[in-house]
Structures are given as structure tokens and as C-alpha cells.
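Let's take a walk through a protein model together. Have the sequence and the 3D view ready, and follow along as we go.

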Amino acid sequence: RAGIKGQLKQYRYFKRMEYLSKLAARAERDANCLRIANGAVRTEPFVSDPNIRQISNSDDDDDEFEDDEFMTAFRARRIDELKRNASRPRFGSMRQCVSKAQYIAAIDNEDSRVITIVHLFDTSLPSSRHLEALLVQLASRRSDICFLSMTIEEAECSQHEFDNSVLPILVLYRSGE
């Protein structure tokens with residue numbers, strides 16, 4: 001089949017076989033997913049595919065990049081960045097302030113690079129409780145930010161100073177300001 005018609009016929013045959021192969025792989029994957037969903041477990045040990053290149057732990061692959069100026073400069077910048085980030089304080093949870101003095105000390109004594117978020121709330125308001133729950137979740141995700149919470153009563157403020165319509169209040173500080 002040396003002519004153009006023969007080549008087109010071979011191409012169509014190849015594409016059809018490729019499509020059938022994809023369909024078979026999809027059907028096998030769906031069947032495996034169904035078996036797993038029904039609680040099936042693997043009984044035979046996993047054998048890796050010999051066609052997949054194994055990842056080695058050796059540093060042989062890095063040798064070709066050692067002489068590259070860009071990689072050397074990039075590596076130095078990245079190490080400096082990691083050192084700076086390692087020196088930052090880590091939090092990971094919401095802290096409760098029980099007095100004004102503790103509140104002021106927590107803000108004034110923080111590192112200047114740290115953002116401090118203070119949640120002033122009233123426990124009787126549903127919006128305050130909801131925001132408190134959201135901030136607790138956020139505090140667990142963002143360990144680089146200091147989260148503090150304090151009720152209006154603990155802040156020694158009378159209820160007449162804050163109208164319930166403005167609560168809850170979020171105050172953000174950086175470098176004590």
C-alpha cells in the first residue's frame with residue numbers, strides 16, 4: 001500500500017484501533033472503580049510497569065545543572081527565602097484573650113512581619129458565633145497569621161459603646177498598628 005489511498009486507509013485503521021484501545025482502557029478503569037467502590041481489595045502484590053522510568057534517589061541527574069549560573073543563583077535565592085520563612089513565628093490556632101492587658105501584650109509583642117487579626121464579638125449573637133467558627137478554621141490553615149478573639153465583656157467595654165448591629169468586629173494589626 002504505497003499509494004495515498006493505502007496510507008489513508010492505514011491511518012484510518014490506526015485511528016480506529018487507537019480509539020478502541022482507549023475505550024477498552026476506560027471500560028477496564030470503570031470496572032476497577034466499581035470493584036473498589038464495592039469493597040474489593042487487591043490480592044496480588046503491585047508490580048510496577050517496566051516501561052515506566054523508575055525515579056532514582058541518586059544525584060546523578062543534578063550533575064548537568066551544577067555548572068549553570070542561573071541554577072546556582074536560583075538555589076541561593078531559594079535557600080535565603082526558606083531561611084527567612086523558617087524564622088517567622090507559626091501559630092495555627094485561635095487564641096482567646098481574657099483581659100485588656102493580655103490583648104495589648106499580644107499585639108505589641110508580635111513580630112513586625114506578622115499580621116494579627118483580632119475578633120471582638122458577643123457570644124449571644126449568631127453572626128459572631130458563625131464568624132468565630134470560620135476564623136478557627138482559617139487559623140488552622142494559615143499558621144503565618146496570629147488570630148486572637150475576645151468578647152466585648154472581656155474587653156471591659158460596656159454594651160452601650162458598641163451597638164449589636166456592628167458586631168462582630170475584626171481588627172487587623174501589623175507591627176502593632
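A salt bridge here means a side-chain nitrogen of Lys or Arg within 4 Å of a carboxyl oxygen of Asp or Glu. Keep in mind that we're looking at a predicted model. With that in hand, the structure holds two salt bridges.

Let's start with helix 1, which covers residues 4-37. Here the side chains of Lys15 and Glu18 meet in a salt bridge, with 3.3 Å from N to O. These two residues sit three apart in helix 1, so about one helical turn separates them. Glu18 is partly exposed, at 30% relative accessibility, and Lys15 is partly exposed too, at 36%.

Met17 also belongs to helix 1.

Now hop to helix 2, residues 69-86, where Arg78 and Glu81 are three residues apart, about one turn of the helix. Their side chains form a salt bridge as well, at 3.4 Å from N to O.

Next up is strand 2, residues 115-121: six of its seven residues are buried, so the rest of the structure largely encloses this strand. Who are its neighbours? Strand 2 pairs with strand 3 (residues 145-151) in the parallel sense, over seven bridges, and His119 has Ser149 as its bridge partner there. To get from strand 2 to strand 3, the chain passes through helix 4 (residues 126-141), making a right-handed β-α-β crossover. Strand 4, residues 169-174, runs antiparallel to strand 2, and six bridges join them. One of the partner pairs is Val118 with Val171.

Technical notes:
Residues are numbered from 1 along each chain as its sequence is written. This is a predicted model: local features need pLDDT of at least 70, side-chain atom pairs count only at pLDDT 80 or more; totals for chains, interfaces and linings use all residues. Side-chain values use heavy atoms; hydrogens and water are left out. Helices (H or I, at least four residues) and strands (E, at least two) are DSSP runs, numbered from the N terminus. Buried means under 20% relative accessible area, exposed over 50%, partly exposed in between (1.4 Å probe, protein chains only). Two strands pair if DSSP finds at least two bridges between them. A crossover is right-handed if, with the strands pointing away from the viewer, the path from the first strand over the helix to the second runs clockwise.
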